[in-house]
Amino acid sequence: MTTRDVVFPPGRQALYERNRYSPAIRSNGLLFVSGQVGSREDGSPEPDLKAQVRRAFDNLNAILTSAGCTFDDVIDVTVFIVDPASTFETIWSVVPDYWGEAPYPTLTAVGVTWLYGFDFEIKAIARLPEVSGG
C-alpha cells in the first residue's frame, strides 16, 4: 500500500488527527485539499458569516502555502453553502479578496442543510509547482 503524502498547515495537525482526516494529499502533480471551514484554532465556528468565509479561505491558503502553492495554482473549487438563497450574496462579496484575477478556477456550488455548525465550506484541487532538478 502506498503511503499518502499528507500536507498539514502549521499549528492545526491535532485538529485533523482528532477528526481523522487529512487536510490535503499530494498525488500525481496535484494537491487535493479537504473542505475547509471558517474554524477558529480550537475548531469552533467563527460566528460572523463574512469572518467565517474569510477564515475558511485563510485556512485553505495555509494548506496551499504549506504545499508550496498559492490560490493561483487552484484549478477546481467546490463550495458548500448552508441556505444559499439568503447567504450567497454575503459570501460572494468576500470571494474577490481571495480569488485573484481571471481566468478563474472551475467552480461547483452546492446548497446544503448542515455543515457541522458552519455556513460555508470550500475544497479545492491545485496543481503542485514543478520541481526543477538541480
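**Loops, core and helices**

Q: Where is Tyr 116 found?
A: Tyr 116 is found in the loop between S5 and S6. Here S marks a strand (E, at least two residues) and H a helix (H or I, at least four residues), both taken as DSSP runs and numbered from the N terminus. This is a predicted model, in which local features need pLDDT of at least 70 and side-chain atom pairs pLDDT 80 or more, while totals for chains, interfaces and linings use all residues. Residues are numbered from 1 along each chain, and side-chain values use heavy atoms, without hydrogens or water.

Q: What is the phi of Tyr 116?
A: Most residues other than glycine have a negative phi, and most peptide bonds are trans. Tyr 116 has a positive phi of about 60°, although it is not a glycine. Asn 28, in the loop between S2 (24–27) and S3, also has a positive phi, near 50°.

Q: Are Tyr 116 and Asn 28 buried or exposed?
A: Tyr 116 is exposed, at 62% relative accessible area, and Asn 28 is exposed at 79%. (Buried means under 20%, exposed over 50%, partly exposed in between, with a 1.4 Å probe and protein chains only.)

Q: Which peptide bond is cis?
A: The bond from Ala 102 to Pro 103 is cis, with omega near 5°. Pro 103 lies in the loop between H4 and S5 (106–112).

Q: How many residues does the largest nonpolar core have?
A: In soluble globular proteins, nonpolar side chains tend to be buried together. A nonpolar core is a set of buried Ala, Val, Leu, Ile, Met, Phe, Trp, Tyr and Cys residues joined through side-chain atoms within 4.5 Å. The largest one here has 28 residues, and those with the most contacts inside it are Leu 31, Phe 57, Leu 64, Phe 71, Phe 120 and Ile 122. Elements supplying at least two residues each include S3 (30–37), H2 (49–66) and S6 (120–127). H2 gives the largest share, seven residues. A second, separate core of five residues includes Val 37, Phe 80, Val 82 and Phe 118.

Q: How do H2 and H3 cross?
A: Two packed helices are described by the angle and the distance between their axes. The axes of H2 and H3 come within 9 Å and cross at roughly 50°, so H2 is oblique to H3. (Axes are lines fitted to C-alpha atoms over the stretch in contact, with angles from 0 to 180 degrees between N-to-C directions; under 35 is roughly parallel, over 145 roughly antiparallel, 65 to 115 roughly perpendicular, the rest oblique.) Residues making the contact (heavy atoms within 4.5 Å) include Leu 49 and Val 53 of H2 and Ile 91 and Val 94 of H3.
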